[in-house]
Amino acid sequence: MARTGTSITAMLVASFALAACENAKGLGNSGGNAYAPDARVAGEDSVDGLIVGHRLMEAGEYELALKAYLRAAAEDGISVDTLSAMGSANLYLGRLGQAERLLRQAVEDDPTFAPAWNNLGVVLMETGNVGEAVRVFKIAFGADSGKSDSIRENLNLALSKQENIAYDGEEEKAEFALMRRGRGDYLLLGTR
């Protein structure tokens with residue numbers, strides 16, 4: 001008997017829920033389709049993908065940020081901002097080849113865009129191209145008029161690394177000996 005009461009209660013709740021939905025247009029879409037809401041309501045602006053991507057980058061969600069930047073590029077077109085942002089996201093994801101390609105395209109489109117130059121310099125440092133990185137950081141520093149501390153620090157780091165390039169090979173120790181070859185004539189002999 002308790003079973004029948006539970007079944008009747010469940011049916012009553014279900015019928016009330018269905019009756020309440022009868023007059024609704026669905027789940028919030030304008031077309032009255034009850035299956036799913038529209039992806040974007042006509043006439044309403046969505047949140048800018050670049051802003052969403054920047055916030056995700058700050059949160060350390062680089063893959064999601066890249067997707068937001070791609071959405072921004074699809075909605076608003078490819079700009080220097082989206083190219084630079086996608087390059088930065090790829091840099092943080094360790095995709096240095098993709099990052100370099102996107103950042104080079106960004107600085108080609110706008111040679112005065114300092115953040116893209118700076119991030120390209122970081123990619124070049126990561127790939128071991130210190131000489132080119134120094135040149136790129138100098139361009140970024142000039143485009144920024146020296147206002148950004150991070151660009152100045154990157155330039156200084158690249159310059160110091162360029163000055164202190166050391167060979168990673170084993171240190172060779174050679175012994176030298178002088179051999180006399182006549183009057184005041186000496187030959188330097190080296191052995192390894």
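Student: Why is Tyr62 called partly exposed?

Tutor: Tyr62 has a relative accessible area of 24%. Buried means under 20%, exposed means over 50%, and partly exposed is what lies in between, with a 1.4 Å probe and protein chains only. The 24% of Tyr62 falls in between, so Tyr62 counts as partly exposed. A word on the source: this is a predicted model, where local features need pLDDT of at least 70, side-chain atom pairs count only at pLDDT 80 or more, and totals for chains, interfaces and linings use all residues. Residues are numbered from 1 along each chain as its sequence is written, and side-chain values use heavy atoms, with hydrogens and water left out.

Student: And what makes Tyr92 exposed?

Tutor: Its relative accessible area is 53%. That is over 50%, so Tyr92 is exposed.

Student: How do you know that the rings of Tyr62 and Tyr92 are stacked?

Tutor: The structure holds one aromatic pair, and this is the one: the ring centres are 4.7 Å apart and the planes sit at 15°. Rings of Phe, Tyr and Trp (its six-membered ring) pair if their centres lie within 6.5 Å; planes under 30 degrees apart count as stacked, over 60 as edge-to-face and the rest as tilted. With 4.7 Å and 15°, both tests are passed, so the pair is stacked. The pair also links distant parts of the chain, Tyr62 in helix α3 and Tyr92 in helix α4, 30 residues apart.

Student: What makes Asp149 and Arg152 a salt bridge?

Tutor: Their closest N and O atoms are 2.8 Å apart. A salt bridge is a side-chain nitrogen of Lys or Arg within 4 Å of a carboxyl oxygen of Asp or Glu, so 2.8 Å qualifies. Both residues lie in helix α8 (residues 149–163), three residues apart, about one turn of the helix. Helices here are DSSP runs (H or I, at least four residues; strands are E, at least two), numbered from the N terminus. Asp149, at 47%, is partly exposed, and Arg152, at 31%, is too.

Student: How many salt bridges does a search of the whole structure find?

Tutor: Six. Among them is Glu75 with Arg71, whose closest N and O atoms are 3.5 Å apart. Those two lie in helix α3 (residues 62–76), four residues apart.

Student: Why does the contact of Arg135 with Glu132 count as a salt bridge?

Tutor: The closest N and O atoms are 3.6 Å apart, and that is within 4 Å, so the pair counts. Both sit in helix α7 (residues 130–144), three residues apart. Arg135 is partly exposed at 44%, and Glu132 is partly exposed at 26%.

Student: Which residues of helix α2 (residues 49–58) are buried?

Tutor: They are Gly49, Leu50, Gly53 and Met57.

Student: How do you know that the buried residues of α2 line one face of the helix?

Tutor: Look down the axis of α2: the buried residues fall within an arc of 95°, so they line one face. The arc is that of the directions from the helix axis to the C-beta atoms. These buried residues pack against α3 and α4 (80–92), contact meaning heavy atoms within 4.5 Å. On the other side of α2, Arg55 and Glu58 are exposed.

Student: What comes just after α2?

Tutor: Gly60, which takes a positive phi of about 85°.
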